[in-house]
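Here are some notes on the aromatic side chains and a few related features. They are set out as numbered points.

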Amino acid sequence: MEEEDPSASNVITNSNSSSQRNLTPSMNTPVVSLESRINRLINANQSQSPSRSIYSDRFIPSRSGSNFALFDLSPSPSKDGKEDGAGSYATLLRAAMFGPETPEKRDITGFSSSRNIFRFKTETHRSLNSFSPFGVDDSPGVCHSPVKAPRKVPRSPYKVLDAPALQDDFYLNLVDWSAQNVLAVGLGNCVYLWNACSSKVTKLCDLGAEDSVCSVGWALRGTHLAVGTSTGKVQIWDASRCKRTRTMEGHRLRVGALAWGSSVLSSGSRDKSILQRDIRCQEDHVSKLTGHKSEVCGLKWSYDNRELASGGNDNRLFVWNQHSTQPVLKYSEHTAAVKAIAWSPHVHGLLASGGGTADRCIRFWNTTTNTHLSSIDTCSQVCNLAWSKNVNELVSTHGYSQNQIIVWKYPTMSKIATLTGHTYRVLYLAVSPDGQTIVTGAIDETLRFWNVFPSPKSQNTDSEIGSSFFGRTTIR
């Protein structure tokens with residue numbers, strides 16, 4: 001059977017449609033001529049004369065090699081189940097430009113629900129670091145560098161002081177740093193002062209052979225230093241004149257913890273009591289706080305001077321207010337002595353505490369709501385805690401069995417740095433007045449100075465404080 005001429009069928013169809021529209025014969029004639037001309041033009045490439053060129057009004061390029069997949073169209077099929085190089089590049093580039101393809105971004109036809117690839121889309125808003133073609137997190141086979149490098153903490157102390165006769169006693173507090181940048185250290189029966197600006201060492205006092213230093217604590221302002229002794233006395237010294245101004249009694253046993261408030265000096269003793277002293281009054285103490293069942297070894301006033309936290313060898317953590325003689329909050333979750341206590345300078349009512357060898361945990365409390373927030377096992381005895389006043393970080397010092405210093409990021413409690421160098425328990429800790437440097441003491445008879453916290457103005461740069469004092473000297 002012979003095939004029908006397509007052009008003839010088209011003519012018939014068009015003719016019939018024209019007749020159905022009640023057109024006159026004269027109006028049908030141009031339609032037939034126009035269709036014939038179009039068909040001849042379409043088939044001209046097959047039967048054109050070699051000596052005659054046919055010109056068109058526009059050029060229509062071939063689209064077979066174009067990557068329509070980049071414009072959210074279906075990707076080109078693979079060959080023999082393997083994707084060719086161009087297809088792999090197209091897939092990677094599409095993911096880099098438009099993000100990973102997820103089912104919710106496609107409609108039932110298999111194509112994107114929106115064809116406008118340059119429209120603003122909040123769900124794909126990224127940081128400037130992600131505009132690299134290889135910056136998409138879900139791109140296959142692409143390695144990524146961190147957006148922000150972590151802050152570097154020097155792993156070595158910038159200065160070491162020899163501190164002979166520094167006592168090996170977990171329950172004592174023998175190091176404190178004043179607002180005037182002077183470090184006080186109790187060594188045996190003497191107290192020595194080291195000026196961080198001039199590196200000058202001064203012997204403040206000698207208690208004699210029958211007494212020894214158990215604690216030191218600077219007043220929040222001024223040059224007054226409180227010294228707790230093994231005989232239960234608290235002495236007040238004017239460090240600027242190296243003169244004792246007062247001696248206060250009241251405790252029956254040694255005074256191992258001291259804490260200054262705005263107008264009150266608190267002292268904790270092995271006799272289980274805490275005495276509140278106002279040095280403006282003639283009385284040795286204005287009130288007595290009772291509640292601990294063993295030696296009081298940790299004392300800290302909150303930054304607003306409204307709450308006093310105390311820790312004892314009875315594994316208890318108590319919180320007192322300005323007017324109470326009984327603890328207003330009692331925490332008994334620790335299973336060892338609580339010496340390490342620190343109030344956050346950033347969040348009101350946030351308190352951190354650390355337990356001894358049988359506990360090894362740092363716990364966080366909200367004293368405003370009376371709740372236990374979190375706990376982390378440090379795998380080592382917690383000797384001291386201190387918050388940074390510049391950033392939301394804290395540092396802890398440890399004894400058995402790691403003897404390390406750890407800088408933590410709060411609230412994730414991820415470790416920023418772990419510092420080693422002391423060969424024995426790091427029993428003592430103090431923070432410089434600028435909040436960048438810490439000093440640690442151990443029974444290896446050394447005081448080590450570390451740059452661990454950033455400055456308030458440049459929190460992402462390494463501190464250079466103390467670099468000019470690098471070296472090792474003795475504090476007496």
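1. Is Trp-194 buried or exposed? The model is a predicted one, and in it Trp-194 has a relative accessibility of 2%. The cut-off for buried is under 20%, so Trp-194 counts as buried.

2. How many aromatic pairs does the count come to? Ring centres must lie within 6.5 Å for a pair, and by this rule there are 9 aromatic pairs. One of them joins Trp-194 and Phe-449, with ring centres 4.9 Å apart. Their planes stand at 45 degrees, so this pair is tilted.

3. Which parts of the chain does that pair tie together? Trp-194 belongs to strand S4 (residues 190–195), while Phe-449 belongs to strand S28 (residues 446–451). The pair therefore links parts that are 255 residues apart in sequence. Phe-449 also counts as buried, at 0% relative accessibility.

4. A second aromatic pair is made by Phe-364 and Trp-387. The distance is 6.2 Å centre to centre and the angle between the planes is 70 degrees. Planes over 60 degrees apart count as edge-to-face, and the pair of Phe-364 and Trp-387 is described that way.

5. Where do these two residues lie? Phe-364 is in strand S20 (residues 361–366) and Trp-387 is in strand S22 (residues 382–387), so the pair ties together parts 23 residues apart in sequence. Phe-364 is buried, with a relative accessible area of 0%. Trp-387 is buried as well, with a relative accessible area of 4%.

6. Which residues form one aromatic cluster? Trp-194 and Phe-449 are in it, together with Tyr-158 and Trp-177.

7. Strand S4 also holds Tyr-192. Tyr-192 counts as buried, at 9% relative accessibility.

8. What lies over the face of Phe-170? Lys-339 does, at 5.5 Å from the ring centre.

9. Over residues 419–452 the chain is 56% strand and 0% helix. The end C-alpha atoms of residues 419–452 are 10 Å apart.

Note on methods: Residues numbered from 1 in each chain as written. Predicted model: local features only at pLDDT ≥ 70, side-chain atom pairs only at ≥ 80, totals over all residues. Heavy atoms only, no water. Phe/Tyr/Trp six-rings, centres within 6.5 Å; stacked < 30°, edge-to-face > 60°. Helix = DSSP H or I, 4+ residues; strand = E, 2+ residues; numbered from the N terminus. Buried < 20%, exposed > 50% of the residue type's maximum accessible area, 1.4 Å probe, protein only. Lys NZ or Arg CZ within 6 Å of the ring centre and 35° of its normal.
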